[in-house]
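Hello,

Here is the structure we talked about. Please open it and keep it beside you while you read my notes.

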Amino acid sequence: APTDEHCDGARCVEQAEAAMYYGDFDHAREPLTAVCDNKDGFACYRLAELYQFGRGGPVDLDKAAALFEQSCEYEHFEGCDKRAELARSGTGSAATELEYAIKGCEGRRPLMCIAAGQQLIAGRGIDRDPQKALSMYEKGCDLGDVDGCTGAGDILSDPRSGNTNDTKARALTSYISACVGHSGYGCLKVGIAMHEGIGIPRDEEKARTHFTKACEFNIKDGCEAVKQLDQAKGKDIDLALTTTV
């Protein structure tokens with residue numbers, strides 16, 4: 001048996017996990033601290049949660065925030081997420097929230113890409129930056145989050161983006177990615193683009209296909225658009241959209 005009570009290396013991890021398994025959180029903090037001090041991002045993350053929720057001692061959100069920052073620095077990117085969330089709830093500034101959301105996004109955490117994009121497009125506590133928001137949304141889209149795809153599409157299709165052929169085509173690509181990811185809103189936007197010839201030559205049949213998909217995903221405008229196309233019987237019509245979408 002060890003002759004002293006201090007742990008090192010893997011023994012610290014074993015002691016901490018055993019203590020937490022049995023709910024003995026006050027004996028988990030010290031070994032986790034030892035591993036965290038050795039630049040283990042996961043240990044810093046687990047230790048931060050103990051301070052965040054007051055397990056094994058009093059709640060200390062400032063200490064939790066500092067440990068989540070260490071966790072993020074040591075490339076356990078879930079720590080970046082948690083640091084951004086703490087900042088959003090009051091332990092830190094809006095600038096800190098954005099900083100760690102971006103770090104989480106760079107660590108391939110798609111929800112953080114969306115969070116950063118939403119904060120940048122809204123200008124919540126920071127300067128509004130649509131172009132930076134676009135890059136965050138596109139990163140989220142690349143990581144498979146459909147909200148990133150629709151967010152990017154909305155920025156690119158905004159008239160303030162210039163509405164060049166390039167931005168129209170990029171917007172359409174983003175909406176197609178969203179539709180493929182089962183976003184009814186994305187399918188609706190693709191249908192509109194194909195019906196109106198925005199970023200792509202007009203194609204009523206493909207438009208109908210995408211409106212049908214949007215309808216299947218419970219987007220009311222998709223269902224209404226299909227009805228209008230059926231009633232038009234091949235004639236050109238101006239689509240009447242019925243919802244805020």
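**The cores**

The largest nonpolar core has 41 residues. Those that touch the most other members are Leu 98, Ala 116, Leu 120, Met 136, Leu 188 and Phe 211. Please keep in mind that this is a predicted model.

Take Ala 116 from that group. Which residues is Ala 116 in contact with, leaving aside its neighbours within four places in sequence? They are Leu 98, Ala 101, Ile 102 and Met 136. Another core lies apart from the largest one. This other core has 21 residues, including Met 20, Ala 28, Leu 50 and Leu 86.

**The largest pocket**

Now the pocket. The volume of the largest pocket is about 230 Å³. Two elements each give two or more residues to its lining: α10 (165–180) and α11 (184–196). The largest share comes from α10, with four residues. Among the lining residues are Ser 157, Lys 168, Tyr 175, Lys 189 and Ile 198. Sorted by class, the lining has six nonpolar, two polar and two charged residues.

**Thr 167**

Next, please find Thr 167, in helix α10. Is Thr 167 buried or exposed? Its relative accessibility is 9%. Buried means under 20%, so Thr 167 counts as buried.

The side chain of Thr 167 reaches the backbone nitrogen of Thr 164, at 2.9 Å. Setting aside neighbours within four places in sequence, Thr 167 is in contact with Leu 156 and Ser 161.

Best wishes

Definitions and conventions. Residues are numbered from 1 along each chain as its sequence is written. This is a predicted model: local features need pLDDT of at least 70, side-chain atom pairs count only at pLDDT 80 or more; totals for chains, interfaces and linings use all residues. Side-chain values use heavy atoms; hydrogens and water are left out. On a 1 Å grid over the protein atoms alone, a cavity is a set of points where a 1.4 Å probe fits but cannot get out, and a pocket is an open set with protein on both sides within 12 Å along at least five of seven lines; lining residues have an atom within 4 Å of a point. Grid points are joined across faces, edges and corners, and a volume is the space filled by probe spheres set on the points. Ala, Val, Leu, Ile, Met, Phe, Trp, Tyr, Cys and Pro count as nonpolar, Asp, Glu, Lys and Arg as charged, and the others, Gly among them, as polar. Buried means under 20% relative accessible area, exposed over 50%, partly exposed in between (1.4 Å probe, protein chains only). A polar contact is a pair of N or O atoms within 3.5 Å; within protein, one must be able to donate a hydrogen and the other to accept it, and residues adjacent in sequence count only if both atoms are side-chain atoms. Contact means heavy atoms within 4.5 Å. A nonpolar core is a set of buried Ala, Val, Leu, Ile, Met, Phe, Trp, Tyr and Cys residues joined through side-chain atoms within 4.5 Å.
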